[in-house]
Every structure is written in C-alpha cells, then in structure tokens.
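Dear colleague,

I am passing a structure on to you with this email, and below it I describe what was found. Please keep it open while you read.

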Amino acid sequence: MSTTATAEATGGQTGRRRPSLRSVLVWGAVAAVGAVAWTVLALARGETVSALWILFAALCSYAIAYRFYSRFIARRVLQVDDRRATPAERHSDGLDYDVTDRRVLFGHHFAAIAGAGPLVGPVLAAQMGYLPGTIWIIVGVIFAGAVQDMTVLFFSMRRNGKSLGQMVREEIGIVGGVAALIAVFAIMIIILAVLALIVVNALAESPWGVFSIALTIPIALFMGVYLRVLRPGRVLEATCIGVVLLLAAVIGGGYVEDSALGDALTLSKEWLVVALVVYGFIASVLPVWLLLTPRDYLSTFMKVGVIVLLAIGLLLARPVLQADAVTDFAREGTGPVFAGSLFPFVFITIACGALSGFHALISSGTTPKMVAKESHVRLIGYGGMLMESFVAISALIAAVVIDQGLYFAMNAPAGATGGTAESAATFVQGLGFDTTAEDLARAAASIQEPTLISRTGGAPTLAVGISNILTDAFGGSLAAFWYHFAIMFEALFILTAVDAGTRVGRFMLQDTIGNVWKRFGDLTWRPGNVIASAVVVALWGSILYIGVTDPLGGVNQLFPLFGIANQLLAAIALLLVTVLLVKHGRARYAWVPGIPLVWDLVVTMTASFQKVFSADPRVGYFSQRDLYADARDAGEVLAPAQDAGQMDQVVFNSTLNGVLQAVFALLVVVVAVHAAVVVARAFRTRGGVPTTEEPAVPSQLVEPAGLFATAEEKRAIARHEAEQRELAGSAR
C-alpha cells in the first residue's frame, strides 16, 4: 500500500515512527512483569500463591494487547478513516442517531455489554480451579472477544448501524440470513431473560438494592436533560452531579432498609419481574439521550469505581489463592456447582469477559449509531471489552480467595447441601475440605445474613469475596456493609445490559419485519417502536418468569443454555466479520477473526452435543427430562421438586431447553455453510465483490481519537473551531 493510501486508510497518518528509548523501556518492563506473573501461575503447585499474580498477569496482558494488537487491527485490518462521516453525523435525529462524546459513549457501551456474564460465569467456573479461568478470560478477550466487539462495531458503523442479523442477511444471503435472523433474535431473548434473572435474584427481598437502583432512573433523566437542554456539552459538570447523587442513593439505601419505607420496597421475585418488564419497555422507546445513555454512563462510574476499589483492596490485602490451580472436578467433570468436564464447559460458563455474542448485538445496535469518528472503535470496542474482562478477572479472584469449603457450600444446590449448616459442613467435608458448621454460621453472621447455604447463582459468592477483600484491606467491622453494597453493585451492573439489550432487540425486530413491511423498519416511526418494544419485553419477560419459578433453580437451568447460546451468537458475528474481510479484499487478514471463529465453533458444537445427547441427567437436558418424567409417571417426586406440579414444570423446562439448544446449533451450522459458500465465491471472483457498505461522505467533525487528546489533536480542534467561528461570522 502506498504512503498516500496508508494516509487515507488511517485518517491522514503517514509513515511509521521509530519507538523512543523510553517507550522501549516502558513496554519492556510491562512485558517482563507479565511474563513473571504468568510463569508463577503456570508453575506454582502445592504452595502459597498470591492473588496479585493474577492481577499483574491480566493488567500487563491487557496493556500490551491494546497498545499493539488493537492498533494493528484498526490500521491494517479495518483501515479506519476519520475523514469519513459516521452514521451519527450523517443521520443525526436526536432519537437513535446521535453524535456522542467518546468518553460518554465508552461508558454507555461498557455499561451495555457488561452484564451477568463477567460476574457470575467466573464465579461458577472457579470450581475448576483458578488457572483455566484465568487463561481463558485473558487470552480469550485479547484474541477473540475484543476482536469481535471492535470489528462488528466497525462494519455495522459502515452500514448505518444495521443489526447483526440484518447484515448477515445482506452479506451472506437470504437462506443463511434468515437462519441468522431467527437465531440472533431467539438467542437475544434467552440472554435478556438470564440477565434479568440475575437482577431479580440479587434484588429480591432487598429494599436497599431496590431503592438505590430505582433512583438511578430519575438521576439519569436529569443528566440527560442537563446535557441536552440546560448545559449542552458540559460533560464534567453533569458527571460530578450524577456521581454525587448516585453515592447519595447508595448511602440512602442503607437507611431506607431500616425505615417504614423498607417494607414497601421489599419486593418478591414475581413483582420484580413486572417492574423489570415495565422498565425495559420505557427504556426502549424513550430517546437514547434522555435515559439510556446518561444512565449507562452514570452506571459506568459505579462499575469501574467498584472494580478499581477492589483492585486497590487486593493490593492492600494481598490475599492468597485458596483454590487449586486445577481441581479434580476439572479432570473428572463431577463438580457440584455444575456437571461437565473442563472442556468445553469452562469456555461456555465464562462467556462474557472472554467472548460474548451479546456484545455483537450492542456493537451492531445502539453504539454504531452514536460513534463520532471511526477511530473511536478502538477505544470503545476493543478497550471496552478489555475493561469487561478485567471485571471477570476480579470476580474470579474474589471467588478463589475465600474459603473453598464455604464456596462449595454456597454454590452447591440445596439437594446436595441439605440446606443447613450442619448438613452442608458434612457435604463439603466429603469433598475434602475441613470447613465446619460453626465456620459456615460465622460467615453468615459476619455479613448479617441468616444463612449462606446454597446461595447459588454466583452473585452472593462474589459479594462475599468482595466483602472479605475490602474488609481486610481497609479494616473495621464493615463486612455486612460491603456485602450488601456488592449485592447492589451487581444488580446495577447487570441491569444496564437489560435496558440496552431490549433496545437492540427492538432494532432487530424492526429490521427483520422491515424486510417485508418497509414502514415497520423505519426507526423514526413511533408506532413501530412501541409495538416492537412491547413484543421484545413480553418474550424475555415470559422466559424470565419461567426461570423465577423453576424448581431446579432458574440460574442452574438457564445459565448453561445462556452460555452456549451466547457463544453460538459470537460464532455468527465472527462468521460475518470473516466474510466481510474477504469480500473487501482483505483476505490476508481473515485469520484475525478466523482463528477465534474456529475455536468457538469447536467449543459450542461440542457443548451443544453434550447438552442434547448426554446420558448423564446432570448434563443432558433430555436425559434430565426422562429422569423426571419416569419418576412422575411412577408417582414419585424427586428433589428439589416438592409436588407433582413442580415435576411437570421440570419436565417442560428441560424439554424446552433441549429443543432450543438443538435448534440454535442447527441454525448456526446453516449460517456457517452459507458463509463458506460466499467466501469460496469471493475467492473465485476476480476484482471486488459487492457489499452493502455505505459510500464515503466527508466528515465535518474534528475529534480526538483516544480517551485523551494529544497536543496535535488539541491544535487541530482549535484550528477547526476557529474556522467555524470565521464561517459563522461571514454568514452574518
């Protein structure tokens, strides 16, 4: 490529700069620290290992990946060009298309993608040991998850922010596209239901959490009006006000819990389902700048703030790892938290944080309609995913530094633990731990909870880990405060993915129906927005209710389906990106999404096969269905079901999950076959292959490329503003 062409591809940057001595020394030091950390984690066996080695391995790997690999992808693979106007600039309507400050959009995107997965998945996978999860979270995000998020965001932005399913339909063909549209939308509904289920479990019977979470809505509305009407562009001012109000809401929740209002805010799981459905609908139809963007931006401060606080706590407390590097459960596949071997189940249990198809929906939903400059896809797409991976690493650390007898007592189902401290102690002692009933009772009393036995789902375990780390780091008798604060943090963390996901689901449904009814696909048509939003929340709300009332536990039943479906969705996204690189004449870079694509297909197809065909009722949905159906027909009631009605419900839910799992896998196979046909056709065709990319339009905006403006960028912005003032003066 010529120097001129390179300048065009990279937004005017030419040539290569020789790295300075300072840069070489700094990055050499980062690489050395990272190498030492990885060596300790890989080789240490039967000795005390500090949790800080995981922290250092993650941070050093993230820094090197962002500095070098994401830059390579932006400049060489995608060839971002800041001289092209983005859809936000060309189609600005104040509703869905809106030029957004890169810092605010980073917050919105991170808040939207960071849901239950990076919190719950690593905690559940900790039963396999700390090493498998650490490797997958860090290596997976660098070469798979962040690559997917960044590339899908770029290609959607080049197509006016079209949804993932619609892009597959237009670029891969009608048959593969229809299969993708069905798979993407159906998987999206499952994902939203599971995300909402974690929120329900965290907020149920918790007036503190309900109060704090509810107040984030009016605070976000105020910030939206403040930035749009009262003080346009004053991001720092709005941020300071919003953060102060958010902290007041968190602190106030503790007082509300002990007041008369606490009883009114103590909601059952069923009422929380109704509240979430109503909120999801409202968030989907309101203008994006009014509620969704400011709320997600505000939530990001809470999310990032807690994770940074946890990192500081780790540095101060310096806890040691209580879990083995690789446990016997990883080798035998008989873990009490979830059944199945290390491969493939670690890689689908830890979904978000390493690779998540849900992110591709956000990257082809709200975010591409708000990007100001093409170079921002590096910060928002790749950088945002690295931030989520750090959340996952933090969650894994919190799970493996607590007493492992307590960990298994909390995460094993009641049918295994017996539900009491005495029976749970007997259970974990049978696993090889010396945890006593007094230890379990003491742990619950320290955080002012009646019991911690079989508090499954991952969220309570993470809260206990955070509480222990922060209490050890900062001292005092605040374990109960930190625990309830962490529970509220987790609910807030996940809820932002539910509202953004609902809006993306609305986009997807409108795009799909718009193929046959053009008016419905018009995002500015208000009746279409309302109808599509109502359909989406009704669908995921129904699945959510099934999960809330499931006798086997909604998380235990739905999370494996969620994990596999989420990674199947990632396979569709990576297939699309690979096809587009080939069609755009950049086949030599197809390995960038191609390698993680092959890995993802191997993992998900293996996991799907086992969940559908395994004869072990703890693993296979249909074998589980047969076990309960045979017992029901014989007049028996198997725990944890308590009556014949719950037996029927287990049979129905297991059958539904098995059918959905099989259908999702088959749909992805259809998409993969048609993608292979398109790639083969592109290789046979000499010259360019037609795509649906929008023609380039010159941009009138001047924006920094990264989080902080360089001196050169500041001068360019100043010159641009001076030119605009001159033009305005001439016009007058």
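Rings of Phe, Tyr and Trp (for Trp, its six-membered ring) count as a pair if their centres lie within 6.5 Å, and a pair is called stacked with planes under 30 degrees apart, edge-to-face over 60 and tilted for the rest. By this rule there are 23 aromatic pairs. This is a predicted model, in which local features need pLDDT of at least 70 and side-chain atom pairs count only at pLDDT 80 or more, while totals for chains, interfaces and linings use all residues. Residues are numbered from 1 along each chain as its sequence is written, and side-chain values use heavy atoms, with hydrogens and water left out.

One of the pairs joins Tyr 66 and Tyr 382, whose ring centres are 6.5 Å apart and whose planes stand at 50 degrees, so the pair is tilted. Since Tyr 66 lies in helix α3 (residues 52–78) and Tyr 382 in helix α18 (residues 376–400), the pair ties together parts that are 316 residues apart in sequence; helices here are DSSP runs of H or I with at least four residues, numbered from the N terminus. Tyr 66 is partly exposed, with a relative accessible area of 25%, whereas Tyr 382, at 0%, is buried (buried means under 20%, exposed over 50%, partly exposed in between, with a 1.4 Å probe and protein chains only).

Phe 481 and Trp 482 form an edge-to-face pair, with 5.3 Å between centres and 65 degrees between planes. Here Phe 481 is partly exposed at 34%, while Trp 482 is buried at 12%. Ring pairs also link Tyr 69, Phe 72, Phe 143, Tyr 589 and Trp 591 into a cluster.

Best wishes

Key: Helix = DSSP H or I, 4+ residues; strand = E, 2+ residues; numbered from the N terminus.
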